[in-house]
Amino acid sequence: MDRSPIVIVGGGMAGFAVARELKQRGNTRDVLMLTADEGSFYAKPLLSHVISRATPAAALLMSPEKAASANHVRVVPHTEVVRADFEGKTVYAADGRAFTYGDLVVATGAKPLNFWHGDRIFSVNSASDMSRLEPILEGAKTILIAGAGFVGLEFANDWARAGKHVTVVSLDGPLRPLVPQSVSAWVEDNLTGAGVHFVRGRLTPMHEGADLCAEVDGTRLPARFDLMLSAVGLGPDVALWNQAGLVTGRHGLVVNARFETNIAHVYAVGDVMEFQGQAWRFVTALNHAARVIASNLGGQESRENFGALPISLKCPDSPLAMVLPRVQGSGSWEAKAGDADLEATYRQDGKLRGFVLGGTAANRRRQFEDELAA
Ligand SMILES: Cc1cc2nc3c(=O)[nH]c(=O)nc-3n(C[C@H](O)[C@H](O)[C@H](O)COP(=O)(O)OP(=O)(O)OC[C@H]3O[C@@H](n4cnc5c(N)ncnc54)[C@H](O)[C@@H]3O)c2cc1C
């Protein structure tokens with residue numbers, strides 16, 4: 001029986017999901033989690049609501065001790081892996097400590113794309129990012145958000161509900177091009193009703209003395225902003241793994257249907273991985289991948305092709321439930337939008353390939369999921 005340790009690098013939802021799945025399968029090998037942060041567990045999606053619900057990010061954290069014992073994993077905090085030697089099956093921390101593994105799971109996430117820099121320009125991709133922002137947000141009245149993707153919209157709705165004046169600038173409408181124009185317009189209408197101001201165009205933030213101002217397509221926005229959130233997406237942060245020999249794509253570490261990389265016994269999961277040429281930066285995907293990895297490590301062969309993965313937009317004033325089509329090619333969207341509900345379906349050769357439901361239509365989600373699975 002294999003007694004070699006399983007080493008997980010990264011203590012986010014993906015790393016903990018693998019530990020949890022191993023535990024659930026009765027794993028008896030040592031599981032070690034090396035993580036650059038302090039090793040607490042938290043559900044990152046909840047960061048979207050901390051301001052309007054007056055729940056500080058710190059209140060979402062499960063202590064490292066609890067998280068470790070709940071998941072049967074030995075957490076080694078403040079341990080940033082900086083080098084890997086796959087021949088010697090060893091990873092090295094910044095302070096020189098060496099950790100030998102039998103199987104390695106890379107779960108190091110992705111990093112925010114930062115096109116702009118300044119002392120009042122922030123991005124949020126962790127509880128500690130949010131904790132740093134909280135005191136500044138508390139006194140902020142006018143906020144500029146760059147990006148109208150899931151994260152930008154959820155923060156915009158949360159902060160508008162907390163009484164802030166929020167302006168969202170994006171090149172295209174909300175959630176475009178992932179969803180059709182009619183869905184994007186529905187979300188924009190709802191959030192405009194909730195007090196969010198939308199501007200379309202290319203953003204240039206500018207510091208003028210103590211003030212933060214902005215131009216969009218060369219035209220000055222009238223407001224002065226107390227802070228700006230950059231929410232224009234994430235990019236891979238994989239140089240160390242690439243140097244050690246892992247194949248990297250545009251979005252991260254390339255994995256097969258077992259979530260194994262090009263090097264045997266090295267897996268990748270969560271925001272760091274690229275599967276079938278795409279990033280899969282949401283929780284249902286990392287949970288599926290964690291199950292597959294844990295099964296394979298337990299000796300039960302398992303594969304996944306990410307069929308229909310549900311995701312949601314958690315804006316209280318415009319919630320959406322959806323399964324997005326894998327590719328939007330020869331099919332087409334059809335949408336019915338009313339004041340209180342929205343239903344959009346994507347069909348290819350008559351077959352349902354994806355859907356977006358909003359408002360009361362979300363009650364029919366199961367029906368659409370069943371049709372997708374048929
Ligand atoms: C505000 C917000 C709201 C979201 N809402 C939703 C939602 O509603 N639904 C949904 O499905 N998804 C949502 N997401 C996305 C989802 O939270 C992420 O896909 C998921 O949390 C990614 O987890 P991860 O473990 O892969 O990465 P991360 O959370 O980034 O964790 C990476 C871990 O690796 C560690 N690390 C990094 N480099 C090293 C290194 N070299 N050595 C050691 N440790 C290292 C870090 O310290 C960290 O512990 C949201 C994201 C945000 C930011």
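1. Basis of the note. Residues are numbered from 1 along each chain, following the sequence as written. The model is predicted, and local features therefore need pLDDT of at least 70, side-chain atom pairs count only at pLDDT 80 or more, and totals for chains, interfaces and linings use all residues.

2. Domains. The domain assignment divides the protein into domain 1 (6-111 + 234-297), domain 2 (114-230) and domain 3 (319-373); such bounds come from an automatic or database domain assignment. The centres of domain 1 and domain 2, taken over C-alpha atoms, are separated by 30 Å. Contact joins 14 residues of domain 1 to 14 residues of domain 2, two residues being in contact if their C-beta atoms, placed from the backbone, lie within 7 Å. On the side of domain 1 that touches domain 2, ten residues are nonpolar, three polar and one charged. In this classification Ala, Val, Leu, Ile, Met, Phe, Trp, Tyr, Cys and Pro count as nonpolar, Asp, Glu, Lys and Arg as charged, and the others, Gly among them, as polar.

3. Ligand shell. There are 32 residues around the ligand, of which Gly10, Gly12, Gly109, Gly270 and Phe282 come nearest. The elements giving two or more residues to this shell are α1 (13-24) and α7 (283-297). The largest share, three residues, comes from α1. A residue is near a molecule if its C-beta atom, placed from the backbone, lies within 6 Å of it. By class, the shell has 16 nonpolar, ten polar and six charged residues. Because domain 1 and domain 2 both give residues to the shell, the ligand lies between them.

4. Helix α7. Helices (H or I, at least four residues) and strands (E, at least two) are DSSP runs, numbered from the N terminus. The 15 residues of α7 reach 21 Å from the first C-alpha to the last, close to the 21 Å expected at 1.5 Å a residue; the expected span is 1.5 Å times one less than the number of residues. Its buried residues are Ala285, Leu286, Ala289, Ala290, Val292, Ile293, Ala294 and Leu297. A residue is buried if 20 or more other C-beta atoms lie within 10 Å of its own, exposed if 12 or fewer, and partly exposed in between, with C-beta atoms placed from the backbone. The buried residues of α7 pack against β1 (6-9), α1, β7 (103-106), β19 (266-268) and β20 (273-275). Just after α7, Gly299 takes a positive phi of about 90 degrees.

5. Helix α3. The end C-alpha atoms of α3 (residues 127-139) are 19 Å apart, which agrees with the 18 Å that its 13 residues should span at 1.5 Å a residue. A kink of about 40 degrees lies at Leu133, shortly before the proline Pro135; the bend is the angle between axes fitted to the seven residues ending at a residue and the seven starting there. Ala127, Met130, Leu133 and Leu137 are the buried residues of α3, and they pack against β9 (121-122). An α-helix has 3.6 residues a turn, so residues three or four places apart point the same way.

6. Backbone geometry. Most residues other than glycine have a negative phi, and most peptide bonds are trans. A cis peptide bond joins Arg176 and Pro177, with omega about 5 degrees; Pro177 belongs to the loop between β11 (165-170) and α5 (181-193). Lys89, not a glycine, has a positive phi of about 45 degrees and is found in the loop between β4 (81-85) and β5 (90-93). Lys89 counts as partly exposed because it has 19 C-beta neighbours inside 10 Å. Phe259, likewise not a glycine, has a positive phi of about 65 degrees, in the loop between β18 (253-255) and β19. Phe259 is buried, with 27 other C-beta atoms within 10 Å.

7. Two further residues. Ser312 is in strand β22 (residues 311-313) and is partly exposed, with 18 other C-beta atoms within 10 Å. Not counting residues up to four places away in sequence, Ser312 touches Pro319, Leu320, Ala321 and Met322. Arg97 is found in the loop between β5 and β6 (98-100) and counts as exposed, with 12 C-beta neighbours inside 10 Å. Arg97 and Val151 are 54 residues apart in sequence and 36 Å apart in space, C-alpha to C-alpha.
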